[in-house]
Amino acid sequence: MKVLISSILLLLFAAKGCNDRSITPETMDGVYTLASFESKSMTDQDLSLTINSENKTLGGSVGCNSFTSDYTLDGNQVSFSAPLSTKMYCPETSKREREFFDMLTTVTRVEAEEDQLKFFNAQEETCFTLQKKQSSEN
C-alpha cells in the first residue's frame with residue numbers, strides 16, 4: 001500500500017513538473033515587436049515594446065503615444081496596471097491604442113514560446129503576442 005501511495009504521489013509531482021510553465025523575469029526581459037493584437041497580425045506596423053524586469057514595467061508605443069505599465073509576475077500569472085501614456089491625438093491609431101490599453105488590464109497569463117511571449121485573458125483568449133527583437137535590431 002505504501003508503495004502504491006508513493007507511486008501515485010511521485011506521478012502527481014512529475015505531472016505537475018511537466019505542466020509547470022513558470023516564466024522568470026529574465027525570460028520576459030527585452031525589446032519586442034507587437035506581432036499580433038486580438039488575433040490580427042501587426043508585423044507590418046513595427047511597434048516596439050520593452051519589458052524591463054528590474055523595474056517590472058512594460059513600455060513603448062502602439063501607434064502614436066508612448067506608454068508605461070507596471071506588471072506583477074507569479075509563475076505564468078501576470079497582471080498589468082492601467083497604463084500611463086502621453087495624450088497626443090492621432091486619428092489613425094487612437095482607436096487601436098485605446099483598445100490595447102483597455103485589453104492590457106485584462107491579461108492574466110503569459111506563455112513563452114521560443115522568441116515569443118503570448119498573453120491571455122481569464123477566458124484563455126490570446127490578447128497579444130510579442131516577438132523578441134534580435135540584438136542587432138534593438
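These questions and answers go through the predicted model and the reasons behind its labels.

Q: What makes up the chain, and in which order do the elements come?
A: The chain has 3 helices and 10 strands. Along the sequence they run α-α-β-β-β-β-β-β-β-α-β-β-β.

Q: How many residues does the chain have, and what percentage is buried?
A: There are 138 residues in the chain, and 36% of them are buried. The chain exposes about 8,600 Å², with 53% of that area supplied by carbon and sulfur atoms.

Q: Why is Cys-127 called buried?
A: Its relative accessibility is 3%. Buried means under 20%. Cys-127 therefore counts as buried.

Q: Why is Lys-56 called partly exposed?
A: Lys-56 has a relative accessible area of 45%.

Q: What makes Glu-124 partly exposed?
A: The relative accessible area of Glu-124 is 44%. Glu-124 is found in the loop between β9 and β10. Glu-124 is not a glycine, yet its phi is positive, about 65°.

Q: How do you know that Cys-64 and Cys-90 form a disulfide?
A: Their sulfur atoms are 1.7 Å apart. The cut-off is within 2.5 Å, so the pair qualifies. The structure holds 1 disulfide. In general, a disulfide is a covalent bond between the sulfur atoms of two cysteines.

Q: Why does the pair Cys-64 and Cys-90 tie together parts that are apart in sequence?
A: Cys-64 lies in the loop between β4 (57–61) and β5, while Cys-90 lies in the loop between β7 (84–85) and α3. The pair therefore joins parts 26 residues apart in sequence. Both Cys-64 and Cys-90 are buried.

Q: Why is the pair of Phe-67 and Phe-100 called edge-to-face?
A: The ring centres are 5.9 Å apart. Rings pair within 6.5 Å, so these two count as a pair. Their planes meet at 65°. Angles over 60 degrees count as edge-to-face, so that is the label. Phe-67 sits in strand β5 and Phe-100 in helix α3, 33 residues apart. Phe-67 and Phe-100 are both buried.

Q: How many aromatic pairs are there, and which residues do ring pairs link into a cluster?
A: A search of the whole structure finds 8 aromatic pairs. Ring pairs link a cluster of Phe-37, Phe-67, Tyr-71, Phe-80, Phe-100, Phe-101, Phe-119 and Phe-128.

Q: What places the charged end of Arg-109 over the ring of Phe-120?
A: The charged end sits 4.2 Å from the ring centre. The distance limit is within 6 Å, so this value passes.

Q: Which residues touch the most other members of the largest nonpolar core?
A: They are Leu-34, Ile-51, Phe-100, Phe-119, Phe-128 and Leu-130, in a core of 26 residues. Helix α3 gives the largest share of this core, 4 residues.

Q: Which residues does Leu-130 touch, leaving out those up to four places away in sequence?
A: Among them are Tyr-32, Leu-34, Leu-49, Ile-51, Leu-117 and Phe-119.

Notes. Residues are numbered from 1 along each chain as its sequence is written. This is a predicted model: local features need pLDDT of at least 70, side-chain atom pairs count only at pLDDT 80 or more; totals for chains, interfaces and linings use all residues. Side-chain values use heavy atoms; hydrogens and water are left out. Helices (H or I, at least four residues) and strands (E, at least two) are DSSP runs, numbered from the N terminus. Buried means under 20% relative accessible area, exposed over 50%, partly exposed in between (1.4 Å probe, protein chains only). Accessible areas come from the Shrake-Rupley method with a 1.4 Å probe; for residues, only the protein chains shown count as cover. A nonpolar core is a set of buried Ala, Val, Leu, Ile, Met, Phe, Trp, Tyr and Cys residues joined through side-chain atoms within 4.5 Å. Contact means heavy atoms within 4.5 Å. Rings of Phe, Tyr and Trp (its six-membered ring) pair if their centres lie within 6.5 Å; planes under 30 degrees apart count as stacked, over 60 as edge-to-face and the rest as tilted. A charge sits over a ring if NZ of Lys or CZ of Arg is within 6 Å of the ring centre and within 35 degrees of the ring normal.
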